[in-house]
Amino acid sequence: MSDKGLPATFENPGLPPHIHRAADDDPRAAKRAERQVAALFTLSIIGTLGFIVSYFAVPNDTTVFIPFIGKTILLNILLGVTLAVSLLGIGFGAVHWAKTLMSDEEVIEERHPIASSDEDRAKAVGILNAGAEQAQLKRRPILKATGATAMGLFALPLGVQLAGSMGNPTKALEESKETIWDVPEGGKPIRLVRDVERTPIKASDVAIGSVFHILPETIKDSKHVLADKAKAAVLLMRLHPSSFANDSLGEKAKSWGYEGIVAYSKICTHVGCPVGLYEQQTHHLLCPCHQSTFDVTRDCNVIFGPAKRALPQLKITVDDEGYLVAPQGFAEPVGPSYWERKK
Amino acid sequence: MSTAASARAADLRAGDAKAAPLGAPKTAAGKVAVWADERTGIAKGASVMLKKVFPDHWSFMLGEVAMYSMIICLLTGVFLTFWFVPSMGEVAYQGSYLPLKGITMSEAYSSTLAISFDVRGGLLIRQIHHWAALMFVVSLSVHMFRVFFTGAFRKPREINWVIGTILSMLALIEGFAGYSLPDDLLSGTGIRAAEGFMRSIPIVGSWVSYIVFGGAFPGEAIIPRLYSVHILLLPAILVGLFAAHLILVMVHKHTQYPGPGRTENNVVGFPLMPVYTAKAGGFFFLVFGLLTLISALVTINPIWAYGPYDPSPVTAGSQPDWYMGFADGALRLLPGALEFEIFGFTLSLNVFLGAILLIPVMYTITGAYPFIERWVTGDNREHHLLDRPRNAPTRTALGVAAITAYIILFLAAGNDIMAIRLQMSINDITEALRVLFFVAPVLAFWVTKRICLSLQRHDRDTVLHGRESGTLVRTAEGKYYEVHEDLDPYTRWKLVSFESPAPIAIGSGKDANGVSSKAAKKERRRAKLSRFYFKDRVEPVTPAELAAAHHHGEHEAIEAPSAAPQAVKRAKQD
Amino acid sequence: MNALAARRRHPAAIALLLVLGLALVGAAYSLFAPKPAQAAATAVSADAINEGRQLFLSNCASCHGLSAEGTKSGPTLIGVGAASVDFQVGTGRMPLSAPNVQAPRGERVMYDEKQIAAMAAYVASLAPGPAIPDEKVSSGEGGDAALGGELFRVNCAMCHNVSGAGGALTRGKYAPPVQGVEGKYIVEAMLTGPQSMPVFDDKNINEEGKASIVNYLKTFESQPNVGGMNLGNLGPVSEGLFIWIFGLALMIGTAFWLGQKAA
């Protein structure tokens with residue numbers, strides 16, 4: 001068959017004929033729609049009143065049992081549901097009104113190209129040029145240069161004030177290396193205390209397979225408890241001495257510990273979450289934030305996950321009374337890596 | 001006075017006279033309107049605005065869900081500011097939540113507990129605020145998907161796409177700042193990790209951290225600072241950009257799906273007054289109402305369960321809100337091997353890539369996409385008719401591939417929850433997701449493209465052979481065939497009114513004199529990309545093809561496809 | 001069928017579907033919800049040891065060895081104490097139904113209280129070990145909920161989650177939920193350190209601390225679900241899923257209804 005006389009593409013057939021709705025032709029349907037909309041608006045009014053009544057009438061602590069939710073606070077449910085009814089009544093009413101009673105015949109609006117006409121552009125360019133001419137921009141380059149420089153610089157004082165007063169970064173490097181485990185020269189070793197109770201621990205208190213969450217005794221004198229804790233939190237575990245790996249890492253871990261009791265920084269070397277999940281059978285430590293896994297038998301080296309470095313070990317021993325003490329602070333900065341960590 | 005001028009004056013007077021029947025306003029509303037118009041001239045603009053036409057489609061409401069969620073957040077946020085105390089000063093809790101009685105905590109946490117337990121209706125407002133925030137990011141993401149897959153970002157709307165991209169990125173930061181404010185154990189762990197992120201920035205990391213926290217982590221500055229970022233700085237930018245977004249929608253007029261009567265030069269739909277006022281206005285109440293209902297029935301962020309922030313404890317299942325999940329997931333997948341020592345300095349790419357670089361890089365690629373596509377297609381026309389996603393197979397496939405990669409990262413953030421719920425090993429899940437991050441997007445691309453092409457072919461078949469009527473006819477010889485009904489022109493138009501551009505021919509990369517030039521090389525690259533985009537394509541049925549199909553008869557055409565015109569055209573390689 | 005098909009596109013169908021979906025999710029959560037532990041009061045008599053030995057020989061010895069010295073398939077029970085037996089058998093973890101990365105909490109407990117007490121008495125007679133905790137500790141009475149909360153967050157939450165919903169450990173192991181678990185078993189687990197769990201004996205967290213932890217968990221459980229459905233207390237992951245699935249479905253459903261031409 002020849003395709004002569006046929007266009008290359010189909011023609012847009014134009015808008016299809018409008019199909020009437022029930023409410024367009026049937027006054028009874030229209031009346032029904034009207035009643036439905038009015039009912040929805042009324043429901044909203046009831047919701048609003050319900051909210052106000054609930055707000056003033058229902059006590060804060062009355063509980064109620066609701067399937068799928070369980071025991072819950074009555075006030076919260078009542079306020080929420082009545083407010084929702086109040087809002088949804090208006091919403092459903094208005095949309096239902098628009099759909100059933102307002103005209104549903106589509107209208108056409110013409111579009112015009114977004115770009116301005118050539119004349120308009122020429123006019124705008126003309127005004128700009130004339131303005132530049134009047135301001136004598138070209139003839140007075142020194143105004144142009146100084147003006148532009150001044151404009152470029154004016155925000156600087158504000159920036160300096162803001163950045164300069166946010167905090168003092170000069171201490172960033174030294175403070176990153178310090179913890180309250182650090183013992184001043186000739187100072188007394190610091191006792192290890194339980195995190196919550198802050199009581200000291202005897203080596204004999206630590207059973208094999210147990211884990212203690214530790215802070216330095218110095219925390220009691222701390223002026224910035226959270227900031228100090230954020231670097232000084234330590235995890236203490238006791239392994240059977242034969243559990244440690246038979247290599248230099250295992251030996252080092254053991255020798256920095258006391259009879260199989262070892263203490264490691266709890267602050268993850270990845271981004272600083274507390275690494276607290278100790279599996280006493282595998283001797284693995286897991287960080288709950290990003291799943292870095294450390295092997296306690298091998299000096300807390302990383303065996304899985306996004307961390308690179310081992311957890312820093314805290315060297316411990318016992319004092320005259322048998323309490324666990326740390327004779328010195330960490331040998332390296334604790335927590336996440338940063339650029340100048342090794343400096 | 002010339003005659004022309006006097007005629008104009010007469011016209012004016014006539015116009016005045018015509019307007020006169022309106023007369024002096026009688027109703028109170030009329031009086032107010034006249035009062036306002038005499039001072040603002042608002043009637044001129046209003047008459048244009050009120051007649052503005054908006055096309056009707058459910059997918060066009062996704063942006064509205066985002067807009068309304070944002071408004072609801074602003075509204076409920078103002079409420080919350082009246083009770084929330086943005087301070088890290090310590091207090092001993094004396095409110096009505098028993099399990100925390102007497103515990104030392106920050107004023108921020110204590111006041112959030114007060115909002116939840118002691119301010120009547122405070123918990124409802126807080127839950128609406130948080131659910132609306134989640135809904136805001138959900139709906140703006142899905143709105144972005146709609147705009148992407150229908151090609152609505154094409155000229156002249158590239159600027160609006162970029163604004164939307166920035167809005168989306170700021171929404172993430174706004175959300176992070178917001179859920180960090182209560183200073184509970186979970187959000188505090190998030191800030192703790194954020195401090196680790198800052199430290200990973202090469203060279204300036206520890207300085208940035210010290211400046212942001214006003215000293216060592218956590219210090220006492222971060223909550224008040226996040227507070228002013230959350231309630232002042234970012235909302236101001238969000239609202240400003242959003243206003244620009246909306247003005248541009250007005251200027252461009254809304255896009256519309258292809259269909260009968262819809263052209264590049266018109267917009268078909270309903271006028272603002274009254275239909276859209278009722279529909280869009282009503283929709284605000286619907287969104288607000290539904291979010292309120294969710295907030296009445298479902299708990300969000302039970303901060304009382306987490307306890308106050310303390311750097312020593314942590315909870316299993318520490319996750320950020322969902323929209324930060326992909327970055328957290330990236331951190332879980334990036335292996336520790338990416339941390340290096342160079343010249344004694346530490347470079348933590350394992351953190352830096354996922355936590356600091358990922359978000360800006362992702363949004364830069366997203367924001368640049370319209371410009372990339374325009375460069376490849378060389379298409380400089382205005383587009384107001386949307387593409388059906390199947391009619392742009394490569395773009396659709398690219399979008400699905402990107403979303404797949406995003407979903408893999410998102411899943412990685414829940415690897416621990418998956419491990420317990422599915423009783424799998426968290427290590428296996430992590431390893432699998434590491435591989436899937438690279439493999440799944442490629443697969444998704446390929447599958448999506450095939451699906452698009454076969455849908456297009458199906459469209460062609462429908463146009464050529466009509467719709468299956470469900471009526472079986474037995475011929476005299478005992479054969480059966482199904483009667484196919486011809487499409488009416490309105491239905492057919494939707495299936496044939498699309499463009500299927502051919503790829504640009506690949507040049508030799510050398511100019512006329514046989515010398516390879518930079519410009520020619522660029523053209524060659526462009527042609528290669530164009531081939532990637534358009535080498536597999538399905539063309540719309542032409543009237544001639546339809547006539548030919550009719551000539552062959554309805555059912556024979558199916559039985560003898562070789563007689564039918566070549567349905568799929570592979571690009572010829574020159 | 002036809003009537004159903006005709007109403008398929010009715011606007012109310014979306015609402016109906018959503019309601020059904022919500023009901024389903026509710027049902028699913030109630031499945032996930034922890035079940036209360038079986039009550040098992042202990043009453044040990046002096047000559048129970050013999051009965052316990054008989055029970056041990058016929059039910060446990062194949063893995064733990066004829067004199068509880070341990071074999072390749074099971075650890076030694078010498079010195080694990082009565083608390084360990086009461087915990088493992090009382091929660092249905094033992095006897096192990098199938099080899100696995102760790103013993104899951106049993107669907108049902110295989111022995112009655114008296115038999116468990118007898119086995120516990122037998123194992124306790126082999127060597128000293130943690131005894132079944134005193135009622136005043138395991139009931140949590142006299143403990144301080146706020147202190148218990150602090151202890152729980154520092155010592156337990158990293159594995160068991162702040163709301164006791166449980167959490168993942170490495171390679172498929174996990175910390176089970178502690179919501180709804182009887183106080184006695186919580187204290188026994190702390191004393192004996194079952195499976196991956198470290199030991200929290202009385203020198204680590206003293207009796208007052210243990211009672212406080214139990215008290216805290218009981219207080220926490222008795223709190224109403226303040227904000228409504230708790231989505232399994234799984235934190236932002238379940239909240240994100242909820243808003244993506246149900247929140248978005250509600251919004252799109254409504255938008256769809258709004259754009260539909262009225263009948």
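In α17(B), the residues Arg460(B), Val463(B) and Leu464(B) meet Glu545(B), Leu546(B) and Ala549(B) of α20(B); contact here means heavy atoms within 4.5 Å. Sorted by type, the residues of this contact are four nonpolar, no polar and two charged. Ala, Val, Leu, Ile, Met, Phe, Trp, Tyr, Cys and Pro count as nonpolar, Asp, Glu, Lys and Arg as charged, and the others, Gly among them, as polar.

Before going on, keep in mind that this is a predicted model, where local features need pLDDT of at least 70, side-chain atom pairs count only at pLDDT 80 or more, and totals for chains, interfaces and linings use all residues. Residues are numbered from 1 along each chain as its sequence is written, chains are lettered from A and ligands numbered from 1 in the order in which they are written, and side-chain values use heavy atoms, with hydrogens and water left out.

Helices (H or I, at least four residues) and strands (E, at least two) are DSSP runs, numbered from the N terminus. Axes are lines fitted to C-alpha atoms, for helices over the stretch in contact, and angles run from 0 to 180 degrees between N-to-C directions.

| Helix pair | Angle | Axes apart |
|---|---|---|
| α17(B) and α20(B) | about 60° | 8 Å |
| α6(B) and α11(B) | about 120° | 9 Å |

So α6(B) and α11(B) sit oblique to each other. Angles under 35 degrees count as roughly parallel, over 145 as roughly antiparallel, 65 to 115 as roughly perpendicular and the rest as oblique. What makes the contact? Residues including Trp131(B) and Met135(B) of α6(B) and Phe288(B) and Leu291(B) of α11(B). That contact divides into nine nonpolar, three polar and no charged residues.

Now for the backbone. Most residues other than glycine have a negative phi, and most peptide bonds are trans. Yet a cis peptide bond joins Lys155(B) and Pro156(B), with omega about 10°, and Pro156(B) is in the loop between α6 and α7 of chain B. Another cis bond links Phe217(B) to Pro218(B), with omega about -10°.

Phe68(A) isn't a glycine, but its phi is positive, near 75°. You'll find Phe68(A) in the loop between β1 and β2 of chain A, and at 48% relative accessibility Phe68(A) counts as partly exposed. Buried means under 20% relative accessible area, exposed over 50%, partly exposed in between (1.4 Å probe, protein chains only).
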